[in-house]
Amino acid sequence: MAVSLRFQLPPLLLLLLLLLLISLFISAASDFDGIPSPSISPSLSPSSAVFHTPTHTYPPALFATILSTLGFQELSSASVTANLSATTPLTIFAPSDASLLSCPSCSLPLLLQELSIPGLYPLHFLLTLTFGTKIETIAPNRCLTVTSNGKDKVFVNGVEITGPDVFNNGLVVIHGLQGFVSHLSPLSCNVERMMSLSFPSPSLTSAAPPSLFIMRLMLKDAIIRLRATGYSVVSLAMRVKYAELAELKAMTIFAIDDTAIFSGGGNAYFSNFRFHVVPNRRLTAADLVTLPTATSLPTLDAANNLVVTAGGGGGPSAPMKINYVRITTIDLLHNTKIVIHGLSSPFPHMMPHQAFNVEAGMQSAVELQDNRGL
């Protein structure tokens, strides 16, 4: 009996081993059938389809070749050190070479990271996003703000996408931008929803012309970004004057941050906000530095103009001054209709006869006029 058991054990062991091998084979086969990867968790998923992780990466040299071929030579050079090796789909918003030359102090590799977002965002998907949607970039804690007119125009941080989908191979999407997007603020990811702001409703009796509609979009974009970057008082002033500002073709605004305002200059700035707005002129940094001394600039306060008292281009040791106030931050914020520059203090009013004799009145040309209405 013992002998027969000894001869029956090997077949049982063989059967068990066979079952084990079959089980392992089935398990291995299922791995090659393409099990779906986990769905993207953020609410801003650019597609309802699940992305699968690519089996290869794009080396920096390939990004450089793509951008160079498309005509973005500055970004092409920066891509080598921008760490854009793609293990996930990537969308790049690319400003032109000419616009990048307006910021010689910018770090182009960092700027390229700030203009690149993980995921595929073709134009048709960007058009579906809620106005003011923020999307985190591959630069840590930096977000781009997307707005649109709901039809065919999309703006990234206020700059229009004029070259949509110039490249799309299923792993990388590239959009061309009309202008320059400056470095993003550490507060750029703060959630500022448009529905939290109150704006006058457009008239229902007549359709607004396209230019007015674009201006309204640009005003809302500027108000959101100012509020998120420490200029909430200026943001509030723009909301108060929203209806008047929306009628302009363009504007240049000189702003003071909340810290400076709450330290003592709040009333002087807020009550004289219209005096800090140059209507129908979009004066960028390149425009400001070319203005000669004694140039007069009109304001929304029609009875009072601004005067350039120290021309630009002198560097930190000789900064540009308007009404004897130093311009601390040029191109603080800008989009297609609005440019905002930072000031060290509110503009004082100048006496009419002194506005045209700047050099002679260097010591006594300033007269403060407080408690003026908006």
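Modeller: Happy to! Let us take strand E4, residues 143–148, which is mostly covered: 6 of its 6 residues are buried. Please keep in mind that this is a predicted model.

Start with the side chains of E4. In a regular strand, side chains alternate between the two faces of the sheet. Here Cys143, Thr145 and Thr147 point one way from E4, while Leu144, Val146 and Ser148 point the other way. Both sets are buried.

Now look at the partners of E4. On one side is strand E3, residues 133–136, which pairs with E4 in the antiparallel sense over 4 bridges.

Stepping back, E4 belongs to an open sheet of 7 strands in the order E2-E1-E7-E6-E5-E4-E3, with mixed pairing. Strand E2 (116–118) and E3 stand at the edges, each with a single partner strand, so one side of each is left without a neighbour in the sheet. Neighbouring strands of this sheet are turned by 35° against each other on average, direction ignored. At the E2 end, strand E1 (residues 90–94) pairs with E2 in the antiparallel sense over 3 bridges, and Ile92 stands opposite Ser116 in E2.

Now to the rings you asked about. A pair of aromatic rings is described by the distance of the centres and the angle of the planes. A search of the whole structure finds 4 aromatic pairs. In one of them, Tyr269 and Phe273 have ring centres 6.2 Å apart and planes at 70°, so the pair is edge-to-face. Tyr269 is buried, with a relative accessible area of 0%, and Phe273 is buried with a relative accessible area of 0%.

Another edge-to-face pair is made by Phe275 and Phe347, at 6.4 Å centre to centre and with 80° between the planes. Phe275 lies in the loop between helix H10 (258–270) and strand E9 (277–279), and Phe347 in the loop between strand E14 (338–343) and strand E15 (349–350), so the pair ties together parts that are 72 residues apart in sequence. Phe275 counts as buried at 1% relative accessibility, and Phe347 is buried too, with a relative accessible area of 5%. Together with Phe254, Phe275 and Phe347 form one aromatic cluster.

One further tyrosine to click on is Tyr324, found in the loop between strand E12 (321–322) and strand E13 (325–334). At 19% relative accessibility, Tyr324 counts as buried because the cut-off is under 20%. The C-alpha atoms of Tyr324 and Leu306 are separated by 10.0 Å, with the two residues 18 residues apart along the chain.

How values were computed. Residues are numbered from 1 along each chain as its sequence is written. Side-chain values use heavy atoms; hydrogens and water are left out. Rings of Phe, Tyr and Trp (its six-membered ring) pair if their centres lie within 6.5 Å; planes under 30 degrees apart count as stacked, over 60 as edge-to-face and the rest as tilted. Buried means under 20% relative accessible area, exposed over 50%, partly exposed in between (1.4 Å probe, protein chains only). Helices (H or I, at least four residues) and strands (E, at least two) are DSSP runs, numbered from the N terminus. Two strands pair if DSSP finds at least two bridges between them. Axes are lines fitted to C-alpha atoms, for helices over the stretch in contact, and angles run from 0 to 180 degrees between N-to-C directions.
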